[in-house]
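Q: Hi, could you walk me through this structure, a bit at a time? I may jump around between topics.

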Amino acid sequence: MHKYGKQYSLKAGMPPGTLIHVGVRKKDKIQITEFNYSEDGFEEKEIDGPALCSLDIGKPSVIQWINVDGIHDVGALETLGGCFGLHLLVMEDILNTEQRPKIENFNEYTFMVVKSLSFDRQMGEFTTEQVSLILGKHFVLSFSEKEDNLFNPVRERIKHGIGRIRKSGPDYLIYSLLDIIIDNYFVVLEELGEKIEYAEDELISKTSLDTLQVIHKLKRQMLFLHKSVWPLREVIVSLEREETPLISESMDIYLRDLYDHIVQIMDTTETLRDILSSMLDIYLSSISNRMNEIMKVLTIISTVFIPLSFIVGLYGMNLKNIPEYNWPGMYPTVWAIMIAIAVFMLAYFKKKKWW
Amino acid sequence: MHKYGKQYSLKAGMPPGTLIHVGVRKKDKIQITEFNYSEDGFEEKEIDGPALCSLDIGKPSVIQWINVDGIHDVGALETLGGCFGLHLLVMEDILNTEQRPKIENFNEYTFMVVKSLSFDRQMGEFTTEQVSLILGKHFVLSFSEKEDNLFNPVRERIKHGIGRIRKSGPDYLIYSLLDIIIDNYFVVLEELGEKIEYAEDELISKTSLDTLQVIHKLKRQMLFLHKSVWPLREVIVSLEREETPLISESMDIYLRDLYDHIVQIMDTTETLRDILSSMLDIYLSSISNRMNEIMKVLTIISTVFIPLSFIVGLYGMNLKNIPEYNWPGMYPTVWAIMIAIAVFMLAYFKKKKWW
Amino acid sequence: MHKYGKQYSLKAGMPPGTLIHVGVRKKDKIQITEFNYSEDGFEEKEIDGPALCSLDIGKPSVIQWINVDGIHDVGALETLGGCFGLHLLVMEDILNTEQRPKIENFNEYTFMVVKSLSFDRQMGEFTTEQVSLILGKHFVLSFSEKEDNLFNPVRERIKHGIGRIRKSGPDYLIYSLLDIIIDNYFVVLEELGEKIEYAEDELISKTSLDTLQVIHKLKRQMLFLHKSVWPLREVIVSLEREETPLISESMDIYLRDLYDHIVQIMDTTETLRDILSSMLDIYLSSISNRMNEIMKVLTIISTVFIPLSFIVGLYGMNLKNIPEYNWPGMYPTVWAIMIAIAVFMLAYFKKKKWW
Amino acid sequence: MHKYGKQYSLKAGMPPGTLIHVGVRKKDKIQITEFNYSEDGFEEKEIDGPALCSLDIGKPSVIQWINVDGIHDVGALETLGGCFGLHLLVMEDILNTEQRPKIENFNEYTFMVVKSLSFDRQMGEFTTEQVSLILGKHFVLSFSEKEDNLFNPVRERIKHGIGRIRKSGPDYLIYSLLDIIIDNYFVVLEELGEKIEYAEDELISKTSLDTLQVIHKLKRQMLFLHKSVWPLREVIVSLEREETPLISESMDIYLRDLYDHIVQIMDTTETLRDILSSMLDIYLSSISNRMNEIMKVLTIISTVFIPLSFIVGLYGMNLKNIPEYNWPGMYPTVWAIMIAIAVFMLAYFKKKKWW
Amino acid sequence: MHKYGKQYSLKAGMPPGTLIHVGVRKKDKIQITEFNYSEDGFEEKEIDGPALCSLDIGKPSVIQWINVDGIHDVGALETLGGCFGLHLLVMEDILNTEQRPKIENFNEYTFMVVKSLSFDRQMGEFTTEQVSLILGKHFVLSFSEKEDNLFNPVRERIKHGIGRIRKSGPDYLIYSLLDIIIDNYFVVLEELGEKIEYAEDELISKTSLDTLQVIHKLKRQMLFLHKSVWPLREVIVSLEREETPLISESMDIYLRDLYDHIVQIMDTTETLRDILSSMLDIYLSSISNRMNEIMKVLTIISTVFIPLSFIVGLYGMNLKNIPEYNWPGMYPTVWAIMIAIAVFMLAYFKKKKWW
């Protein structure tokens, strides 16, 4: 599998609307859960393949939430999509995990694709998971790539009737799901912030090529984060502008709150990227500085000893008739000259602030 | 606690509108002061917890200003919010000190979050404090994170009836509070400007890695300043456009004045950032220059003495039959050759402008 | 032929609308194929030069698709353009293979120029080919520069009646042709992604100037890709906005899908460019690091041995009256001094973390 | 006084509209001159403090231009502002010389702040002066910071009735004043262009750290110029759009001409900044090149002589039983070996194009 | 004369509308040619100074094109401008050759300033010439700075009635003139592209400071080209939007074609600038690489021989009692040790991939 450029090319040449699962293949069965809830009650059931065909759709008095964990069973999803009258291209988008976050308003439903992040502490990286949400008049469909019980907190709130959720419509449910996804961005940002802080401390104490690669890895993470957040912001903005009648006006303040969170995430991302950039600058400067320091040591030692070595070499010559050879006080004189040269050199370097 | 990435993640998974104080925890009691003033008179009182429940709200003839110093007492703030009918999400924003500056217009009131700066000379950094302002028809609420009597000058003006304040409405009070906050930005900018000037002087006299870190610290400060000012500008623009009926038309020139100040702050910030960038350039160039200078010294000394050392080594050989050994004038000849080489070398380097 | 700046200048001074083929000249005959299809049937024929003049144009019940492979036969194309009433400047654009992708709406037809990419594995580069498309009320004309059977998959779908194509109008045919072209972008991106990944692995193991040139070649490829995709996006946006009555409303979701693909291509392109940029940074840093390492080795060896060489030179002097010469334990003493100096030096460098 | 960050902070905490002169304090009296002119005649008088109170304002048949040189006499300006009914915040802006260029339309008058530049050849820098202009129905007020007779050419044209000025209204007068200010920008640009050209010539002949500082000083000058011109452009655009009835339609072509000049100034500024940037690049490259050259000399000399020095050292050993010592032709053989090594080395470096 | 900053400052202080020729002064007479043409016939005459006053203006049935080569005769141009009722500021713009390309719509005519480029192969640079065009209801005026017969191809087409030109109005004539100017941009781009290609080849074979200066000169050329094209694009866009009734709707497709050419020029310019930027990167990297290589040679030679020189120095000492002196096999032992050291060193550097 390729890291960049994705395996999207598999689809080249196929007629549009051909359903293929683009993503990491898995063998397990996918898990489909149906929630039916209203202010008065609540019902949860697992749906099996065959049961899919007999789904009761659209009782106005109750809200129907169908949550799908895993999207690799093309057949089951096709059946489900058929029940709710989803367009083939929508189904194609749900199955293709390389989608960019986006929102599309249809007559009967609104379709959203977002990325949910989770931080993998062992890898020291965050992983992304594609979540597709469909908001209908009386139903909500949510498709997530992995079986990680992302939406458990919402499930609990529905079960125990905590907060406004059971008293509100499917738009509030969609908001709650998005809120959970966006809150996870803060968790990831916090982990990355911690790693950056750690790298910053390390940067000051030592400068190895490893530090550079850590900085670049973090930069790339921030880049991917940035690329996930920007289109997500557009999704929220589109929801906030109430471009669809499926969102009631009372959701306004909640969606504005989501928007504020997104902006804050983008802001923090920018700040962290700026910090990483200035860390790179410091890294490069400290390499230069270190080189300078090495050169200074070499130059001081060399330039002090090279003239001295010349002098001792001079009096190592085997020529006849070198008068100094026979002067009695020559040896101390040579030492005096050499010490004078060394002191002068060191004083010169001192003046130049080399040490 | 983390420097970046904040501890916002605490809230992940909680239902929206859950009130939690996000920020540095404090133990002290918060201090709530109520001002009631009109053109004719003025009344100031401290409010205790129980008294909160019996606040007189909204007498049209007088303006009621409730100033809260400290926001860590969730209970008291919840009561206060209840009295004035604030939305739970607004209360959540007041308590969360990691908010971005913003403005939100509700039917009954306008809610603003801004950052107040103060310069900490000991740290050599500025610190930010979140100030939340609520403008109602007859009342103004102000919440500040710390007990630093930020708004004392306004208090004095109300007490002594200086200027237009007692003759004007709550919109003028809001303007006065914002004016004080924005004026503090100039104080911070001036301090940072002074530090930059100092770093600039230091840069010319010496180039250590410390200077680099000072420059980067100042760059980061300018970055944070920039990030505080931009959304603040949007707040003022939104006020100026009179998107709410709570701002009367006569405030126009005052708000335009605030806007001018903001733009001037942004301008100065940009200039200081540009100066810091060119300081970085100079820093890096002067490192290269220094390296150059070191290399020159090494090269001059080495290349002058290396041939000389070779010559004296040559005549230190113990081979038989070296004819020069027995020539009588050989010693002065060797000296002559060596001086000639040295002079030639030095002249060459002189021509190359190495010294 | 020139790589940059193109040979467009040939046309300087000629009256506008003069038909000249601007591009690589070829000798072969161009190949013109006519498809007539409707829901019920399908007919395919090769058209020869003379037959061009008697083309049946515009039977409303069938869709006529004329595909031209090769555009170097100006005469044949002029005849064809005349049959369909194309403007001379449109013909000029079809013949000039240096066009930027664009769309132009005329009363009777819509004219599009796009670039089709294909990856040449031997060269390790992608090549571009200009494809001109003309959408009329009952006909579609497609002109491609090379005879590479680009549109074979569509041909097959028409032949075997796969998918919606036979049931839909010329707008769906145009969409199918664009879809094939855009899918090829993914193939190219994937190949480039693979090459980048390979270069990245190589970057870590060694840093030669070759790596640099590979990075720069890839950067340039990404740049050209970027320049092909941006105007293509505008073409799709213009189609999506239904600025021409030739596109029916039911195409909306298909064109939105094309648009999503384009955005995804642009996104991936940006990501790959960012990765290449950070590879350049790493490359430059690793050169600096390597220099540092070389300098360290030189400095350690030099500075350890230079004082030692001085000492042995000192006692190689031929002066009379050097008292040490006659001390019996002098030789081991000299060794001891030299070992002490070496140990001290190495300890000093160890402390400085040079090795 | 601080170079950056300004002393604006003096005003923090004061009620808005408090008149304080922010700028370099001066002791001299300010000079107020009144011009009354119409197509038929012309009258000029100096106004003293007391006379300020009895100014005749607004005779429709004549145009009244009051020019104030020096703004440090707060009292006189306050009286003057009172006569013409200027808002306190406008007076505050006139007195504060740290204003950004801006335009504000009031009901009775339009208020403009612009920066006038003049080049100080001794300092090699330009200095800025704040000029405030007020355009009323029958009057124009102009306030300039220094007494430099900036507007003398206009005065002369009024006196001698040159051009359209006496036949036109106050809007033409305002245009004439702005035209003079903008023309001064060209003078400054020309001086800076000359300095850049000089620095460019110097750059090629030598590369000292001084050149770098000259470049950076020029860059900063261009930056400040850029920051003065941008808001000035907005002032002119606002005038051109005739957002105030005080500008008649016949001024259109004149204001468009001003706008063209501004755009040309901005354009030249950009070009000069680009040239300075590439000069920086050349500076940095030539440092690297010089380092390279130094290294080459060191390396050639060292690597040629180091092996030779080894050989002569070898035959300086005092070991017994070195057979070469007694070979008769050994001395010329050693010379031959050494010359061979030197020639080989030099040929190698020649091949590498080191010299 | 100054290269940058221009001599525009000559005009500072003069009343607006004063006609002065700003540009390189010339002595020759300017050449004014009048063309009168219609579908039926064609007349060409040279106009002398006096004849200017009796020009027949505006016979609706024929199109009058007056082409002026050379603009340094202020008197003649003033007379001509008077005949056609041109505004004084327009005349000022025609005479000032430092204008930015622009378009201005007046009631009676449309005024355009554009830059015509021509490549000077000897200088290796392009030169610009200002061309002013005035489009009236029945006439076209064209003013070009130099006498270079720029518009000869159009003249020929009129003379011989080639193409649509004699059948179309003055708007088509303006289009033809602009088309010729824009086609010249392609010629210049091609020449620059060739020079860039050449510089690129040279860059790989050697890296001298000359290459750097060639790159920077080309970069500056691209910068000036970019600055000429951008405002030209605005001129074409303004024409295309038919903001004046002087352009008939049938010109639409021709102007769109011009616009496409401009966009293609801008595109190629951007590409060439990107290529120059990456050439700079490669240049800087290859300097670093070369330094690295030099350092490696120095380090290998030095570190191999320094220990060897120490050893031979050691046994050159004149101390008594050095036991090794008398060992019979010492000389070969020393050689063995030295060869071992050299082999070890070289193996170490081999492992480090230094050679």
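A: Let us begin with two helices of chain A: the axes of helix H1 (residues 74-83) and helix H2 (residues 88-95) come within 11 Å and cross at roughly 140°. Helices (H or I, at least four residues) and strands (E, at least two) are DSSP runs, numbered from the N terminus, while axes are lines fitted to C-alpha atoms, for helices over the stretch in contact, with angles running from 0 to 180 degrees between N-to-C directions. Please keep in mind that this is a predicted model, in which local features need pLDDT of at least 70, side-chain atom pairs count only at pLDDT 80 or more, and totals for chains, interfaces and linings use all residues. Residues are numbered from 1 along each chain as its sequence is written, and chains are lettered from A and ligands numbered from 1 in the order in which they are written.

Q: OK, what do you call the way H1(A) and H2(A) lie to each other?
A: H1(A) and H2(A) are oblique to each other, given that angles under 35 degrees count as roughly parallel, over 145 as roughly antiparallel, 65 to 115 as roughly perpendicular and the rest as oblique.

Q: And is the crossing of H1(A) and H2(A) left-handed or right-handed?
A: The crossing of H1(A) and H2(A) is right-handed; a crossing is left-handed if the near helix is turned anticlockwise from the far one by less than a right angle, and right-handed if clockwise.

Q: Which residues of H1(A) and H2(A) meet?
A: On the H1(A) side they are A:Val74, A:Leu77, A:Glu78 and A:Gly81, and these meet A:Met91, A:Ile94 and A:Leu95 in H2(A), where a contact means that the C-beta atoms of two residues, placed from the backbone, lie within 7 Å. By class, this contact of H1(A) with H2(A) has five nonpolar, one polar and one charged residues. Here Ala, Val, Leu, Ile, Met, Phe, Trp, Tyr, Cys and Pro count as nonpolar, Asp, Glu, Lys and Arg as charged, and the others, Gly among them, as polar.

Q: Switching to chain B, how do the axes of H1 and H2 cross there?
A: In chain B, the axes of helix H1 (residues 74-83) and helix H2 (residues 88-95) come within 11 Å and cross at roughly 140°, and H1(B) passes H2(B) in a right-handed crossing.

Q: Let's talk about chains touching. How many residues does the contact take from chain A and from chain C?
A: That contact takes 49 residues from chain A and 59 residues from chain C. On the side of chain A that touches chain C, strand E4 (102-105), H5, H6 and helix H7 (330-351) each supply at least two residues, and the largest share, 16 residues, comes from H6(A). By class, that side of chain A has 26 nonpolar, twelve polar and eleven charged residues.

Q: What about chain B and chain D?
A: Their contact takes 59 residues from chain B and 50 residues from chain D. H6(B) gives the most to the side of chain B that touches chain D, with 34 residues, and the residues of that side divide into 24 nonpolar, 20 polar and 15 charged.

Q: Now B:Leu258: is it buried or exposed?
A: B:Leu258, which is found in helix H6 of chain B, is buried, because 23 other C-beta atoms lie within 10 Å. A residue is buried if 20 or more other C-beta atoms lie within 10 Å of its own, exposed if 12 or fewer, and partly exposed in between, with C-beta atoms placed from the backbone. Leaving aside its neighbours within four places in sequence, B:Leu258 is in contact with B:Tyr175, B:Leu178, B:Asp179, B:Ile182 and B:Ile236.

Q: And where is A:Thr244?
A: A:Thr244 is in the loop between helix H5 (209-240) and helix H6 (252-314) of chain A, and it is partly exposed, with 17 other C-beta atoms within 10 Å. Beyond its neighbours within four places in sequence, A:Thr244 is in contact with A:Asn105 and A:Thr110.

Q: Last one, what is the phi of A:Asn321?
A: Phi of A:Asn321 is near 60°, a positive value in a residue other than glycine. Most residues other than glycine have a negative phi. A:Asn321 is found in the loop between H6 and H7 of chain A, and it is partly exposed, with 13 other C-beta atoms within 10 Å.
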